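Hello,

Please find the structure below. My notes on its aromatic contacts follow.

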Amino acid sequence: MLERLNQTMEDIEDHLDQSIDVARLARTAATSEYHLRRMFSALAGMPLSEYVRRRRLTVAGAEVLAGNESLLEIAVRYGYGSGEAFARAFRAMHGVGPGEARRTGAALVSQPRLSFRLTVEGSSSMRYRVVDRPAFTVAGLKARVPLVHAGPNQAIIDFVRGIEPRTLESLEKLSDQEPQGIVSVCDDLDPSRAEGTELDYYHGVITSTAAPEDVAVLPVPAGTWAVFTTSGPAPEAIQYLWRDVFTQWFPSNPYRSRPGPEILQTRLSPDGTEADAELWLPVEREQD
């Protein structure tokens, strides 16, 4: 898997001055486009699209300083439709416009080429199981919230605090599927999974029964799920679990992520500082 990811990085370098075909990159990595985006974001700490943008502006910056071509020629080569668009992107990354950089020889920011190497980790085992599930329904209350990679998600905290206890009690009576009880469900995430992009958040239950009309409903088709468990400080243990699944579990197992909601069941300690959590992720077996 790492060898194929590094081949993908070479493919990106060869096409920085052309349109980047993510479907082609996924074929090079021998996986799906969806899983490639997820894996890259987890391993690199940034979305694939952001890495490509930063590499293009790094190479373009060197050409700006070299002074062999006009700024418009450089802008067009790296996919910008106008000098103004290029100047905005250039300034956002380098802190200075391309014209000023050329005149003054200003110091620019460089995004290094990424390569992936194996490190010896995994001294502690990861608890998981893989289950096939028939179709089910998520029923609950829904909000559109920003994605937060580290630390508390205040938008979710405020949303959940605003739910009346009797509403949760009514919802919990609908729970007749695993994971039991009230769960958190994230769906319709931006493919880039960039910090601050929005997603649909459901606070509700997994059920096979008809839900009341005043409840948001998310139908989920039949499929395979990988189920991971963890215990530790809240919310760090849960966020680290997601990271470890994509940086350790997926590269070591014959599965890849597939589109679908992510389901989290959390049991907090009385003081709210510790959590026992179960994370359900939709998966499919890698093609041989």
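**Aromatic contacts**

A search of the whole structure finds 12 aromatic pairs (rings of Phe, Tyr and Trp, the last by its six-membered ring, with centres within 6.5 Å; planes under 30 degrees apart are stacked, over 60 edge-to-face, the rest tilted). The planes of phenylalanine 40 and tyrosine 51 stand at 50 degrees, with 5.5 Å between the ring centres, so this pair is tilted. Phenylalanine 40 belongs to helix H3 (residues 33–44) and tyrosine 51 to helix H4 (residues 48–66), so the pair ties together parts 11 residues apart in sequence. Helices (H or I, at least four residues) and strands (E, at least two) are DSSP runs, numbered from the N terminus. Phenylalanine 40 and tyrosine 51 are both buried (under 20% relative accessible area; exposed is over 50%, partly exposed in between; 1.4 Å probe, protein chains only).

This is a predicted model, in which local features need pLDDT of at least 70 and side-chain atom pairs count only at pLDDT 80 or more, while totals for chains, interfaces and linings use all residues. Residues are numbered from 1 along each chain as its sequence is written, and side-chain values use heavy atoms, leaving out hydrogens and water.

Phenylalanine 228 and tryptophan 249 make an edge-to-face pair, 5.0 Å centre to centre and 85 degrees between planes. Phenylalanine 228 is buried at 0% relative accessible area, and tryptophan 249 is buried at 3%. Ring pairs link both into a cluster with Tyr128, Trp242, Phe246, Phe250 and Tyr255.

The charged end of arginine 285 sits over the ring of tyrosine 255, 5.3 Å from its centre (CZ of Arg or NZ of Lys within 6 Å of the ring centre and within 35 degrees of the ring normal).

Regards
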